[in-house]
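Here are my notes on this model, point by point. Please read them with the structure open.

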Amino acid sequence: MIVFDQVQKSYQVGGRAIPALHPTDMTIETGEVFGIVGHSGAGKSTLVRLINLLEPPSGGRILIDDEDITGYNPSELRAFRRKVGMIFQHFNLLSSKTVADNIAFPMKLAGIYSKTEIRERVEELLARVSLTDHANKYPSQLSGGQKQRVGIARALACRPTILLCDEATSALDPQTTQSVLKLLADINRELGLTIVLITHEMDVVRRVCDRVAVMDAGRVVEMGPVSEVFLHPQHPTTRDFVFESESIDHEELQEDLQKANGRILRLTFKGESTYQPLLGSVARKSGVDFSILSGRIDHIKDTPYGQLTLSLVGGDLNVAMQEFEAADVHVEVLR
Amino acid sequence: MEALLSNVDWSEIGWASWDTLVMVGMSLLFSVLIGLPIGVLLFLTGKRQLLEQPVAYAVLSFVVNVLRSVPFIILLIVMIPFTVMLIGTSLGVAGAIPPLVAGGAPFFARLVETSLREVDRGIIEATQAMGANVRQIIFGALLPEALPGIIAGITVTAITLVSYAAMSGVIGGGGLGDLAIRFGYQRFQTDVMVITVALLVIFVQVLQMVGDRLVLYFSRK
């Protein structure tokens, strides 16, 4: 468990303290995939670097499994860092070492593994990230996705309990992003590793995260389970992110709504209700006619969800509302 | 041909070439041994680096700059008492080596500093995140990553030392430069001058070629 207790960070620039992270309380549970989303400069990079103290905090306490890591001496800190893997946007592989040597590097630094242990572990990791055939290549000979898989294997070498991902998919194309995210999800499930992932893409959060914190100007402005934050965003920044990821043009949508007749509702389905043939039966029972203005059906991690914006005309609106609520559908009246 | 090169004593040329090789080789060796750690220190103590130490950096940088700003011909003369103290003579091959190192080491140190600065900061950060200490970061990541740059730096330093070594002939340093000055210049033996210059040109060409090959071999980018 990672606990932030009034953690803050500011940088000295020309004698003035510029805050990068305002005092923040946050808890990340063991074994969850925790997303931190924000625009560049929102402070998410700082936040993730506080967890392994690449950035020392200016105030507050950081507790990892109930131990205050801000009090560690240099050698305790180095031992702790071996238990925290990290992957980066630009991979940060050593260009002078082969794939196998890059993966072995953290184990060699630790100085507590025998040669056989290192060799076996490297083979095991190469197989896990499907790069066995590339063991003796140099990073410059690999594609972006392969480089990031080497990064992941390297981060896992010393069997960490936490994996920090710093914009790990931002330099990759959509397809490669998919496969890297799938790998991260598999690792999380199979090894029970806690993953803290920062990104500026809500889509990444939607695919792999259990919970998410939204950052804006050095503050966490919204935090909660991904489905909650994603389907019912409260803060303007969160809304921007959600609309951005759904490629919804807000103004266009408003125009469409203007043209529609009757009441306008937004229905949010989650889990099993996504698959129910609900609209037809509600229309029959209440006598309302509906037209679909916009809609989307997708997954949040493993949970299916749907979101429909409808305009309803005629019939008994109250009956319709009751029916929707009885079917566990969240209803929002837009007009 | 014989008449054209009537003044050239080939065995003399052979010995002088050998002396130049020894002077360049030895001074290069010591320049690297002294310049490399200084270059690493310059890098580490620099602004926003691992061991940021503004005072140490300023002092080190000042000393390096002073040695680099003194024209080598002056450095040769200024160094004479120190050279005598160090190895007993300021003459010959041995006497030329200390001033060559005094000129070569700071030059090489700057080149090392520059090539270390070109190592991606992300790699240093990643290595730190793995729990490496400063020594491990230097030897495990920084130096291997900067190796092609450092080899290129050694090549440039070696070539500079060839010309410095030739200059040391002025104060009786030995080698091809000494030959060029004593015979080519003072006795107007143009043929000796031409041969020594030609040999120096060949020497520099070979050094550059070998250096480039090595850089290519160690570049994985």
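1. A word on contact comes before the chain pairing. Two residues are in contact if their C-beta atoms, placed from the backbone, lie within 7 Å. Keep in mind that the model is predicted.

2. How many residues does the contact take from chain B and from chain A? Chain B gives 19 residues, and chain A gives 19 residues. On the side of chain B that touches chain A, α6 (121-129) and α7 each supply at least two residues. That side of chain B has eight nonpolar, six polar and five charged residues.

3. Next, the nonpolar cores. The largest one holds 130 residues. Which of them touch the most other members? They are Ile103(A), Cys165(A), Val196(A) and Leu197(A). Helix α7 (residues 134-167) of chain B gives the most to this core, namely 14 residues. In soluble globular proteins, nonpolar side chains tend to be buried together.

4. Look at Cys165(A) in particular. Set aside its neighbours within four places in sequence. Cys165(A) is then in contact with Ile87(A), Leu184(A) and the run Ile195(A), Val196(A), Leu197(A) and Ile198(A).

5. Is helix α1 of chain A mostly covered or mostly open? Helix α1 (residues 44-51) of chain A is mostly covered, with eight of its eight residues buried. The buried residues in α1(A) include Lys44(A) and Arg49(A). Just after α1(A), Leu53(A) takes a positive phi of about 60 degrees.

6. Now the domains of chain A. The assignment gives domain 1 (2-244) and domain 2 (258-333). Taken over C-alpha atoms, the centres of these two domains of chain A are separated by 38 Å.

7. What joins the two domains? Nine residues of domain 1 of chain A are in contact with seven residues of domain 2 of chain A. On the domain 1 side, α7 (202-208) and α8 (226-231) of chain A each supply at least two residues. The largest share of that side, four residues, comes from α8(A). By class, the domain 1 side has five nonpolar, one polar and three charged residues.

Note on methods:
Residues are numbered from 1 along each chain as its sequence is written. Chains are lettered from A and ligands numbered from 1 in the order in which they are written. This is a predicted model: local features need pLDDT of at least 70, side-chain atom pairs count only at pLDDT 80 or more; totals for chains, interfaces and linings use all residues. A nonpolar core is a set of buried Ala, Val, Leu, Ile, Met, Phe, Trp, Tyr and Cys residues joined through C-beta atoms within 7 Å. A residue is buried if 20 or more other C-beta atoms lie within 10 Å of its own, exposed if 12 or fewer, and partly exposed in between; C-beta atoms are placed from the backbone. Ala, Val, Leu, Ile, Met, Phe, Trp, Tyr, Cys and Pro count as nonpolar, Asp, Glu, Lys and Arg as charged, and the others, Gly among them, as polar. Domain bounds come from an automatic or database domain assignment.
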